[in-house]
Structure formats: structure tokens, C-alpha cells
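Visitor: I am new to this structure and would like to learn how to read it, one feature at a time. Could we begin with the contacts between charged side chains?

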Amino acid sequence: MARTIEQIQGVMLTQIASDPNLAALNSTSKVSLYRLFTFVVAFAIWALEQLFDQHKQEIDTRIAEQKSGTRNWYKNKSLDFQYGFDLLPESDVFDNTLATDEQIEASKIVKYCSVKEGLESNRLIIKIASEASEVLEPITVDQLDSFTAYVEEIKYAGVKVNVVNNPADKLILDLVVFRDPLVLSDTGMSVLNANQPAEDRIKAYMKELPFNGELVLNDMIEQLRKVPGVINVHIQNASSSHFDVGGYTDFTTFNISRVPESGYFKIENFDTIAYVV
């Protein structure tokens, strides 16, 4: 781990002070010539140690991710999927020989992925989503057919894979927000900025959640309490519905936390938020 500039310079100054041949270098001024020289050298050494740390982290990450067959390997391979491209013969790498960087980037339609082990032995559940205008959405039917064929091509023999490519789980939050009337109106609008800061904070929190991450209600309350004008928050009810064969299921209530079946949530509207004094 890289040392600080102060630590490195301190070692150098200690060595100078202990060397009788350098006894004349005894100024305590930070702008003395010899101290400036030691600072410059210390900075260069610090920069080099930073590069060493970064290189080590990159190597550790590459070693971890190159292990074929792990969940992380399946996740990276899913994110590497290129719609409209074919694999090199006997390979799990796409043939980009005649493609431009723009074409390659546009073909990578899977923007989010989570890989978990299923209850059944040798079964993996791969949840995926694309993105349009910073909103998560499923890939199309044709894209899913291509992605599924790709996974079947590269997966390890004997491994069963379920690909989940569903619309967002619907989320309803029945909230009571205790407001400061000097800062927020009775509709939750900021008196100063004419925006909806509580709603904006909820949207930001939902976007900050890892894909297929757990929505924890207490964490959301903690985030809302940081909003200017919000004194306290009470969640009267939280419920969600996920897409299943034939359509969305009935809404079910949860009290502590929930992981979305699709991998991500969508709040239909904020009509269920009440602002009180």
C-alpha cells in the first residue's frame, strides 16, 4: 500500500539528520532548499507507489475474472455479448475484425447483469437488462433469442441456465413525510427551487441500488431524512409486483426489504406520498 508523501519525506529527513556528513542541513524552514528537494523526490516516489498499487489491483481483478465458469465469469461474458456479431470458431470471443469501435459499443445491448445460483443443482439464474435514456428496460424478443443462443454456446457442459429478461418490478410506496413548512409546500415542492426534492432523492436512491440489489426500507428513510425540509418519514406500506407468465402478479407487502425478481424496480408514480406538518 502506497505511503503518504509526508511519510516518505519523513524517512528521508530522518536519514539526513542521522548522517554527520549532512549536519549542515538542519534548517526547519519548509521552504529551505534541501527540504524542497526531499519533497520533490518524495512526491515522485509516492506517484510511483500509487502506480504500483493500481497495477496490483488490476492484476488481482484480472486474475479473479479470468477464472472460467465462476459466476463473475458468466456475468462478464453476458455484458460482453454483442448483438448481430458471431463468435470466432471454437471460441467464446466475438469476431470484431471488420467492426468499428462505435459498432462494437452499439452491439453491447446488455448493460446490467446479475448471476446467482438456483435452488436446483447446476442451475444458474442470469438476470439482464438494457438501458434507454438512463431507464432500465428488457432487451427485445429477437435480442433475447440471440443472447440465449450465445449463453448456450459458451456455458460449461452440464450447467443449466435460466435467463431472466423481464420488465421492472412495480413498486408502490405509501409514505408520510413530515415537512418543514418553511422549506417544503404541502405538495412536497421546494419553496426555494420549485422542485420535488423528496421524490428526486427516492429516484436517486433507486438508481444507486446495485442491479438485483436489495431495497432496504430503513436505508431509504435515512436518505430521505437528509433532504432539506424533511423532518421525518413514516412508511405506512411498501408493496411490489413482478412480471410473470401472463402479466404482473398481485402486489404483495414487504416490511423490511425486497430483492426485485427482474433485477430492478420502477415506481409508477408518487401519488401515495403525503406531506404533513
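Guide: Please keep in mind that this is a predicted model. A salt bridge is counted where a side-chain nitrogen of Lys or Arg lies within 4 Å of a carboxyl oxygen of Asp or Glu, and by this rule the count comes to five salt bridges.

Visitor: Which side chain meets Arg-3 in a salt bridge, and which parts does the pair tie together?

Guide: The partner of Arg-3 is Glu-49, with 2.7 Å from N to O. Arg-3 lies in the segment before helix H1 (5–18) and Glu-49 in helix H2, so the pair ties together parts that are 46 residues apart in sequence.

Visitor: How should I decide whether Arg-3 and Glu-49 are buried or exposed?

Guide: The general idea is to look at relative accessible area, where buried means under 20%, exposed means over 50%, and partly exposed is in between. Arg-3 has 33% relative accessibility and therefore counts as partly exposed, whereas Glu-49, at 15%, counts as buried.

Visitor: What can be said of the salt bridge between Lys-155 and Glu-152?

Guide: Their side chains meet at 4.0 Å, N to O; Lys-155 is buried, with a relative accessible area of 18%, while Glu-152 is partly exposed, at 44%. Another salt bridge joins Glu-208 and Arg-201 at 2.9 Å, N to O, and there Glu-208 is exposed, with a relative accessible area of 52%.

Visitor: Turning to open spaces, what is the volume of the largest pocket, and which residues are closest to its centre?

Guide: A pocket is an open set of grid points, whereas from a cavity the probe cannot get out. The largest pocket here has a volume of about 620 Å³, and of the 23 residues that line it, Leu-136, Met-206, Lys-207, Phe-265 and Lys-266 are the closest to its centre. Strand S3 (135–137), helix H6 (197–208) and strand S12 (265–267) are the elements that give two or more residues to this lining, which divides into 15 nonpolar, three polar and five charged residues.

Visitor: And how many cavities of 30 Å³ or more are there?

Guide: The count comes to one, and about 30 Å³ of space lies in the largest cavity. Its lining includes Ile-172, Leu-173 and Asn-269, and strand S5 (residues 169–179) gives the largest share, three residues. By kind, the lining of this cavity divides into seven nonpolar, two polar and no charged residues.

Visitor: Lastly, which residues make the nonpolar surface patch?

Guide: Phe-39, Val-40 and Phe-43 make this patch of about 290 Å². Phe-43 is placed in helix H2 (residues 33–65) and is partly exposed, with a relative accessible area of 40%.

Technical notes:
Residues numbered from 1 in each chain as written. Predicted model: local features only at pLDDT ≥ 70, side-chain atom pairs only at ≥ 80, totals over all residues. Heavy atoms only, no water. Patch = residues over 30% accessible without salt bridge, like charges linked within 9 Å, V, L, I, M, F, W, Y side chains within 5 Å. Areas by Shrake-Rupley, 256 points an atom, 1.4 Å probe, with all protein chains shown as cover. Helix = DSSP H or I, 4+ residues; strand = E, 2+ residues; numbered from the N terminus. Buried < 20%, exposed > 50% of the residue type's maximum accessible area, 1.4 Å probe, protein only. 1 Å grid on protein atoms, 1.4 Å probe; cavity = no way out; pocket = protein on both sides within 12 Å on 5 of 7 lines; lining within 4 Å. Points joined across faces, edges and corners; volume = space filled by probe spheres on them. Nonpolar A, V, L, I, M, F, W, Y, C, P; charged D, E, K, R; others polar.
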